[in-house]
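Here are some notes for a colleague who is opening this structure for the first time. Please keep the sequence and the 3D view at hand while reading the points below.

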Amino acid sequence: MTTTPQFAQFDAEALYQVLEAKVKTALAQADNVAVIGIYSGGAWIAERLVAALNLNPAERLGFIDVSFYRDDFSEKGLRADIKPTQIPFDVDDATILLVDDVLYTGRTTRAAINELFDYGRPKKIMLAALIDRGERDLPVAADFIADAVTLQPGQSLQLQRADDGSFTLDIQSNA
């Protein structure tokens, strides 16, 4: 794992290219592939992965908001920026690539999988994340990551998307 200095910035575009290459190689022979991005950063990455995989976004791209499925919903309350889950394809027997920007405790991934099963029973679910920051609370592991980092207490990672679609990834201090 890479240890990061305070207030560092990552080359998010280079990280995305690493992730894309891994995903394209692994899914080259898979059938019935669909991509679901977890709002918001995972949704942005999913949009680009669908294009890289030459999938029709109208038929093979979905988005999921896990707000109502989180196990800490009663503690944190309802966020103001909730977006509707959109899954425009049949989940049954699909190979689902679930995409998030940062894998941390595993709770968001667990919530996304729980919600996904409300739509059907996939053949397989694979997880892709730009960054794995460790410190898992649940036994969740990504199939594809671009990098793994260790942050200092009180720090978090935030993915941003520019108007041209390019990514930046910054360390934020939560203090």
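1. In this predicted model, the side chains of Glu13 and Arg48 form a salt bridge, with 2.9 Å from N to O. Because Glu13 belongs to helix α1 and Arg48 to helix α2 (residues 41-52), this pair ties together parts that lie 35 residues apart in sequence. Glu13 counts as partly exposed, at 22% relative accessibility, and Arg48 is likewise partly exposed, with a relative accessible area of 22%.

2. A salt bridge also joins the side chains of Glu47 and Arg161, at 2.7 Å from N to O. Glu47 sits in helix α2 while Arg161 sits in strand β8 (residues 155-161), so the contact ties together parts that are 114 residues apart in sequence. Glu47 is partly exposed at a relative accessible area of 33%, and Arg161 is partly exposed at 38%.

3. Asp137 and Arg107 make a further salt bridge through their side chains, at 3.3 Å from N to O. Since Asp137 lies in the loop between β6 (124-132) and β7 (144-150), and Arg107 lies in helix α5 (residues 107-117), the pair ties together parts 30 residues apart in sequence. Asp137 is partly exposed, with a relative accessible area of 46%, and Arg107 is partly exposed with 23%. The count of salt bridges comes to five.

4. Why does Glu20 have no salt bridge? Glu20, which is placed in helix α1 (residues 12-27), is buried, and the nearest side chain of opposite charge, that of Lys24, is 4.1 Å away, whereas a salt bridge requires the nitrogen to be within 4 Å of a carboxyl oxygen. Apart from its neighbours within four places in sequence, Glu20 is in contact with Leu49 and Ala52.

5. Helix α1 deserves a look as a whole. The buried residues of α1 are Ala12, Leu15, Tyr16, Leu19, Glu20, Val23 and Leu27. Seen down the axis of α1, these buried residues fall within an arc of 135°, so they line one face of the helix. In general, an α-helix has 3.6 residues a turn, so residues three or four places apart point the same way.

6. Turning to the strands, β3 (residues 33-38) pairs with β4 in the parallel sense over four bridges, and Phe63 in β4 is the bridge partner of Gly37. Within β4 (residues 61-64), Leu61 and Phe63 point one way and Gly62 and Ile64 the other way, yet all are buried.

Definitions and conventions:
Residues numbered from 1 in each chain as written. Predicted model: local features only at pLDDT ≥ 70, side-chain atom pairs only at ≥ 80, totals over all residues. Heavy atoms only, no water. Buried < 20%, exposed > 50% of the residue type's maximum accessible area, 1.4 Å probe, protein only. Helix = DSSP H or I, 4+ residues; strand = E, 2+ residues; numbered from the N terminus. Pairing = 2+ DSSP bridges. Lys, Arg positive; Asp, Glu negative; His and termini not counted. Contact = heavy atoms within 4.5 Å. Arc of directions from axis to C-beta.
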